[in-house]
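I opened the notebook to look up a few backbone and metal-site details. The entries follow in the order of looking.

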Amino acid sequence: MDEIRIRCPKCSWEPDGKPYWQCTCGHVWNTFATGARCPACHKVWEYTACIVTAGGCHARPPHLDWYEGLDGIVEKLKEEILATREVEV
Ligand SMILES: [Zn+2]
Ligand SMILES: [Zn+2]
């Protein structure tokens, strides 16, 4: 499978695995370790802020936009599924 890189779609800042994101419940964690879901209250965050203090920008793009190479993987999976269906039919 292709490698997925995680970085800000605006400024290309790459998260370094540290907990920068704070939930409305007060919990602070690394949102990329849980797919944007707060481990304390289980709220899923649709948008993920870039971290200015860690070298990022002020953008707040959708969480999925942070995953580079995801589109390619989805396309590949689609092709595989279609190929399987053709065999079955
Ligand atoms: Zn929370
Ligand atoms: Zn950024």
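Entry 1. I looked up the place of Ala 36 and found it in the loop between strand 3 (28-29) and strand 4 (67-68). I am working from a predicted model. The phi of Ala 36 is positive, about 75°, although the residue is not a glycine. I noted this because most residues other than glycine have a negative phi.

Entry 2. His 42 has a positive phi near 70° and is not a glycine either. With a relative accessible area of 48%, His 42 is partly exposed.

Entry 3. Which protein atoms are the donors of the zinc ion (ligand 2)? I listed the SG atoms of Cys 8, Cys 11, Cys 50 and Cys 57, lying 2.3 Å from the ion. Along the chain, the donors of this zinc ion follow the spacing C-x2-C-x38-C-x6-C. Within this set, I noted that Cys 8 and Cys 50 link distant parts of the chain, 42 residues apart. Cys 8 sits in the loop between strand 1 (5-6) and strand 2 (21-22), and Cys 50 in the loop between strand 3 and strand 4. Both Cys 8 and Cys 50 are buried.

Entry 4. For reference, the ideal angle for four tetrahedral donors is 109.5 degrees.

Technical notes. Residues are numbered from 1 along each chain as its sequence is written. Chains are lettered from A and ligands numbered from 1 in the order in which they are written. This is a predicted model: local features need pLDDT of at least 70, side-chain atom pairs count only at pLDDT 80 or more; totals for chains, interfaces and linings use all residues. Side-chain values use heavy atoms; hydrogens and water are left out. Helices (H or I, at least four residues) and strands (E, at least two) are DSSP runs, numbered from the N terminus. Buried means under 20% relative accessible area, exposed over 50%, partly exposed in between (1.4 Å probe, protein chains only). Donors are N, O and S atoms within 2.8 Å of the metal (3.2 Å for Na, K and Ca); water is not among the atoms, so sites may look incomplete.
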